[in-house]
Amino acid sequence: MADVDQGSVLPSETSPLILDGLNATDSNGTDAVNATVAKFVATPEGTALAYGSLVFMALLPIFFGALRSVNCGKSKNSSDMPETITGRDAARFPIIASCTLFGLYLFFKIFSQEYINLLLSMYFFVLGILALSHTMSPFMNRIFPANIPIKQYQLLFTQGSGETKEEIVNYEFDTKDMICLVISTVVGVWYILKKHWIANNLFGLAFALNGVELLHLNNVSTGCILLGGLFVYDVFWVFGTNVMVTVAKSFEAPIKLVFPQDLFEKGLGANQFAMLGLGDIVIPGIFIALLLRFDVSLKKNTRTYFYTSFLAYIFGLGMTIWVMHTFKHAQPALLYLVPACIGFPVVVALLKGELTEMFSYESSEEVLPHTPRLTHYPTVSGSPASLANSMQSSSSPRRRRNNPPM
């Protein structure tokens with residue numbers, strides 16, 4: 001494995017990271033190490049700004065996604081309904097993730113990288129617009145001028161007739177949603193044409209927030225199974241093979257957060273990035289969101305377990321960066337995030353005498369009684385498949401539900 005730049009988590013020749021961890025790379029995805037080009041060395045100020053910004057950006061979708069996850073089941077739109085991950089789903093998760101990762105590896109070995117990335121760019125262009133529109137909607141509701149008339153629209157596709165009639169798509173939207181869609185489309189065109197890191201981050205934050213909001217663990221045991229399985233998955237594919245690095249070098253998609261380490265030198269045109277895979281945000285994030293819903297179910301007007309796990313995430317991510325700088329070697333972030341995010345809340349529950357209550361809590365019964373079961377499995381941690389499936393599953397065909405008032 002090649003030498004690692006100061007402040008990178010994968011070897012310096014690695015192109016945009018699609019998996020877990022951090023990385024430094026060129027903006028055009030080419031090798032950062034070349035015999036005729038001097039290796040970039042970030043300044044301490046640039047490194048601190050880059051990683052501080054990444055940590056801050058990672059916390060945003062976790063915090064706001066968890067808050068939105070409490071009430072997202074009350075939406076009238078089927079696309080806003082959450083998907084529940086059961087224990088069986090969680091046990092399958094690392095196996096399907098590994099198969100998908102290896103499948104991507106073979107794809108890039110057999111087919112042209114240029115055409116695959118072109119297809120994926122268009123795919124994420126559409127998904128990114130939908131994700132960003134959904135993310136912006138609550139903020140648009142607050143700032144939309146009251147003197148502008150709001151018109152209601154409905155997009156409805158059905159199948160069959162009479163008693164056998166089923167709704168394939170039932171989406172209700174209004175003028176504010178149309179504005180969100182237009183803004184999101186502008187960002188999407190910007191990303192397709194320029195692949196600018198700011199446009200990448202807007203899509204990445206939207207994907208992460210939607211994942212934390214719409215993917216629900218049904219209980220703490222399922223969360224432990226999921227995080228434990230991905231702990232092993234992450235360590236194996238980072239330390240045991242070169243598959244992850246090969247896919248990372250070949251893949252171009254907005255499924256990571258980036259921040260330039262040479263911002264002070266080159267401004268917005270900077271091209272030496274530190275990166276954080278969205279899997280390192282969404283996977284711990286859905287567990288933290290579950291603990292927030294557990295806090296709500298206790299009806300004690302406290303958020304002890306949510307804040308404990310939130311601080312544990314900060315600790316784990318900080319530990320990842322520290323170990324990376326100390327040993328100058330690629331680090332799977334879940335190696336540090338999983339023990340922290342599970343261990344800290346469990347210790348608090350032991351001290352408060354609520355451990356049994358925590359593990360007996362059922363999110364699908366207490367908070368979202370009509371949450372559908374997950375039928376589309378997110379796959380590689382931070383991969384396009386995991387993020388695409390989380391979006392696809394929210395718009396998958398299902399019968400219309402008339403939920404009782406919460």
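**Close-up 1. The start of helix H6 in the predicted model.** A side-chain oxygen of Asn219 comes to within 3.2 Å of the backbone nitrogen of Ser221 at the start of H6. The helix covers residues 220–240; at 1.5 Å a residue, its 21 residues should span 30 Å, and the 29 Å between its end C-alpha atoms agrees with this. The buried residues of H6 include Val220, Thr222 and Gly223. Further buried residues of H6, among them Leu226, Leu227, Leu230, Tyr233 and Trp237, are also part of this view.

**Close-up 2. Strand E6 and its pairing with strand E5.** E5 (residues 256–260) pairs with E6 in the antiparallel sense over five bridges. Lys256 stands opposite Gly277 in E6. Because five of the five residues of E6 (residues 273–277) are buried, the strand is largely enclosed by the rest of the structure. Phe273, Met275 and Gly277 point one way from E6, while Ala274 and Leu276 point the other way. In a regular strand, side chains alternate between the two faces of the sheet.

**Close-up 3. A nonpolar patch on the surface.** The patch is formed by Phe102, Leu106, Phe107, Ile110 and Phe111, which together have about 510 Å² of accessible area. Leu106 belongs to helix H2 (residues 87–110). With a relative accessibility of 37%, Leu106 counts as partly exposed.

**Close-up 4. Val70 of helix H1 and Ser363.** Val70 lies in H1 (residues 44–71) and counts as buried because its relative accessibility is 16%. Val70 and Ser363 are 293 residues apart in sequence, with a C-alpha to C-alpha distance of 9.8 Å.

Technical notes:
Residues are numbered from 1 along each chain as its sequence is written. This is a predicted model: local features need pLDDT of at least 70, side-chain atom pairs count only at pLDDT 80 or more; totals for chains, interfaces and linings use all residues. Side-chain values use heavy atoms; hydrogens and water are left out. Patches are made of residues with over 30% relative accessible area and no salt bridge: like charges are joined within 9 Å, nonpolar side chains (Val, Leu, Ile, Met, Phe, Trp, Tyr) within 5 Å. Accessible areas come from the Shrake-Rupley method with a 1.4 Å probe; for residues, only the protein chains shown count as cover. A salt bridge is a side-chain nitrogen of Lys or Arg within 4 Å of a carboxyl oxygen of Asp or Glu. Helices (H or I, at least four residues) and strands (E, at least two) are DSSP runs, numbered from the N terminus. Buried means under 20% relative accessible area, exposed over 50%, partly exposed in between (1.4 Å probe, protein chains only). The expected span of a helix is 1.5 Å times one less than its number of residues. A polar contact is a pair of N or O atoms within 3.5 Å; within protein, one must be able to donate a hydrogen and the other to accept it, and residues adjacent in sequence count only if both atoms are side-chain atoms. Two strands pair if DSSP finds at least two bridges between them.
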